Amino acid sequence: MNEEIRSLEPKPLWNYFSDLNAVPRPSKKEERVIAFMKSFGESLGLKTVVDDIGNVIIKKPASSGMEDRQTVVLQSHLDMVHQKNADTDFEFEKEGIKMMVEDDWVKAKGTTLGADNGIGVASIMALLASKDIQHPAIEALFTIDEETGMTGAQELKPGYLDGKLLLNLDTEDDRELTIGCAGGIDISASGTYQSVGLGSNYSYFSITVKGLTGGHSGMDIHLGRGNANKIMNRILMECSVKHDLKVCEIDGGGLRNAIPRESSAVIAIENSNLSAFEKELETLKKTIKNENKETDPSLDIVLNKSSKKHEALNEEFQFKILRSIGTCPNGIFRMSPNIPGLVQTSNNLARVLIKDNSYSILCLTRSALDSEKMELANNIKGAFELAGASVSLDGSYPGWAPNPNSKIVDVMADLYRKMHKEEPDVNACHAGLECGIIGSHYPEMDMVSFGPNIRGAHSPDEKVQISSVQKFWEYLLETLKLVPKE
């Protein structure tokens, strides 16, 4: 299957991408990919360093005739989001990604592909291994844990890099030159509750919300896609008010930076309310599917009878926690007043787990303004504290403020016009890129981010466009030829 990928052009890039995708590399468990990258650099005879946190830095001298150019830092992250469809039998910790070609796209079979940011990593590997590509001195920076905290960038120390120009290869549209991004903060609410037994006059069911489109909680948040956690909470809250539904457990969502696609709950209904509840749920199902038909055409809500008896949340806790989740903002909080079409601040209600007398709720709040980010985070914190939760705000990272005087952006914008006879889209994005954090350690760096067309990042629908990778690769090579002299 992956041999088809290896035959694509440019072959060195796709071959290194295939090699990389054979290595399990979830965030916070990057030991194998760190060792893989260290071995790669050393096999080329290049200076290779692994810093204290696990970032890998590989340095390659300039090619002949390019020795007087500025040193370029090429940067991508090693980790990838591990997500799969519920009906996909796949073990990320043990298996390599199973890839396939579909028309002009490379996809994975029921899992995330890892093009985010594996195409960037593979591009840098191809440059490091090349013998006939013109380039200035290269400092390749491969960071870890970008997807769940940007730990690698946060812990990068001054002194490892000499370059004053950084090319980040983590943008997902080949027309874009990204010059700014949002910062973020993780919100974790947790606590315990007392469950209660129910009488013999109750029937038990599972409710499943599935088939949502999902996606990247930064890049896709403006698309208005359904959030499985919010949809499930709506069902439970409405039916608890009208039909005295008892919640036994909830398990929805997953990673903080992925829009939740699935949620399941176990509920109990008194037998005398059963017929009215089923009718109500069917009406609610039609309403919700109609509301989301444009963004989530495969959305489904399924009710199944359960033979197992469960204990339920006590009445007071159920009342408070459902209303806190309902109150929690999700999606766009504020659009940028300065940049048309740019989301300034948002929140993703990423994970809800209520089971066995304990619960945890996870959010990722993003904003281009640190003050607004903290305002929204503190508001969410207060909503869950009213339900009695213990709430922590962790992993805060800064945004990346655009530099209106960036020389490399001017060079690359002119080059794009010459190569493609159209204007590039020079903008900021709502995703979290590492540039702002790296810039805090190396404040004199001039930075820009770009990359090929990647769609559905952070979801099993992730795919990368083959023709766009070729376009991106040629653009990268031409950019390296135009790096200014020292």
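What you have open is a predicted model, where local features need pLDDT of at least 70, side-chain atom pairs count only at pLDDT 80 or more, and totals for chains, interfaces and linings use all residues. Residues are numbered from 1 along each chain as its sequence is written, and side-chain values use heavy atoms, with hydrogens and water left out.

Now show strand S9 (residues 183–192) and S21 (residues 390–397), which pair in the antiparallel sense over six bridges. Strands here are DSSP runs of E, at least two residues, and helices are runs of H or I, at least four, numbered from the N terminus; two strands pair if DSSP finds at least two bridges between them.

Click Ile 187, and you'll find Cys 363 of S20 opposite. Is S9 buried or exposed? Seven of its 10 residues are buried, so the strand is largely enclosed by the rest of the structure. (Buried means under 20% relative accessible area, exposed over 50%, partly exposed in between, with a 1.4 Å probe and protein chains only.)

Move on to the largest nonpolar core, with 64 residues; Trp 14, Phe 142, Leu 167 and Leu 476 have the most contacts inside it. Its largest share, nine residues, comes from helix H4 (residues 115–129). Such a core is a set of buried Ala, Val, Leu, Ile, Met, Phe, Trp, Tyr and Cys residues joined through side-chain atoms within 4.5 Å. Apart from this one lies another core of 46 residues, including Val 209 and Ile 250.
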